[in-house]
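Hi there,

Here is the structure I promised to pass on. Have a look at it first, and my notes follow below.

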Amino acid sequence: MQELPQFQLSAPSYRYGKEVSLDPTCLFCKIIEGEIPADIVFRNENVLAFNDIAPQAPTHILIIPTLHVENGAELAKASSTITAELFKVAEQLSSERGLGGYRTLFNTGAEAGQSVFHAHMHLLGGRPLAWPPG
Ligand code: 5GP
Ligand code: ZN
């Protein structure tokens with residue numbers, strides 16, 4: 001029998017009638033599970049979006065898959081459907097807020113500024129955004 005990753009054995013989580021992979025040590029998995037509060041602005045089966053705790057723009061939302069994968073590249077390997085869903089949710093949230101434009105990005109790896117190793121898309125807008133970024 002195939003051995004399951006440890007986090008599945010220690011923290012099976014059931015949503016919408018199916019088991020999903022979460023990591024009990026991961027901050028964003030805790031937000032998904034409601035163990036840590038967040039200002040949630042969108043939720044469906046595959047995607048959760050909440051305001052960033054340290055906003056870098058008037059709109060700064062984190063859009064995450066409701067399964068634990070380390071970064072955007074790993075998410076793309078796990079599910080191209082959910083990867084695409086993040087972009088659709090970004091467009092919806094931007095349109096609801098009447099943003100004239102917005103930036104979506106994934107920091108991948110500590111050198112690029114990633115500090116939480118659960119894939120998350122940053123949605124930034126509501127002010128002119130300079131380029132190149134820092
Ligand atoms: P990263 O640096 O990994 O690309 O982005 C992580 C983001 O998560 C940062 O923008 C940071 O402000 C945000 N963040 C860290 N801890 C929390 C938290 O407990 N709640 C919320 N809402 N955002 C958080
Ligand atoms: Zn996680």
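By pocket I mean an open set of points on a 1 Å grid over the protein atoms alone, where a 1.4 Å probe fits and protein lies on both sides within 12 Å along at least five of seven lines; lining residues have an atom within 4 Å of a point.

A word on conventions. This is a predicted model, in which local features need pLDDT of at least 70 and side-chain atom pairs count only at pLDDT 80 or more, while totals for chains, interfaces and linings use all residues. Residues are numbered from 1 along each chain as its sequence is written, chains are lettered from A and ligands numbered from 1 in the order in which they are written, and side-chain values use heavy atoms, with hydrogens and water left out.

Around ligand 1 there are 15 residues, the closest being Asp52, Asn107, Gly113, Ser115 and His122 (near means a heavy atom within 4 Å). Seven of the shell residues are nonpolar, seven polar and one charged (Ala, Val, Leu, Ile, Met, Phe, Trp, Tyr, Cys and Pro are nonpolar, Asp, Glu, Lys and Arg charged, the others, Gly among them, polar). Helix 2 (27-33) and strand 4 (47-51) each give at least two residues to this shell (DSSP runs, numbered from the N terminus: helices are H or I with at least four residues, strands E with at least two).

Now the polar contacts (pairs of N or O atoms within 3.5 Å). Oxygen atoms of ligand 1 lie 2.8 Å from a side-chain N or O atom of asparagine 107 and 2.9 Å from one of histidine 120. A ligand nitrogen is 3.3 Å from a backbone N or O atom of isoleucine 53. Taken alone, ligand 1 exposes 520 Å², and the protein buries 82% of that (Shrake-Rupley method, 1.4 Å probe).

The second largest pocket has a volume of about 260 Å³ (the space filled by probe spheres set on grid points joined across faces, edges and corners). Its lining has 17 residues, with Phe28, Asp52, Ile53, Leu62 and Val116 nearest the centre.

The largest pocket holds about 320 Å³ of space. Among its 16 lining residues, Arg103, Leu105, Leu124, Pro133 and Gly134 lie nearest its centre.

Finally, tryptophan 131 and proline 132 are joined by a cis peptide bond, with omega about 5 degrees.

Best wishes

Terms used: Polar contact = N/O pair within 3.5 Å; in protein donor to acceptor, adjacent residues only side chain to side chain.
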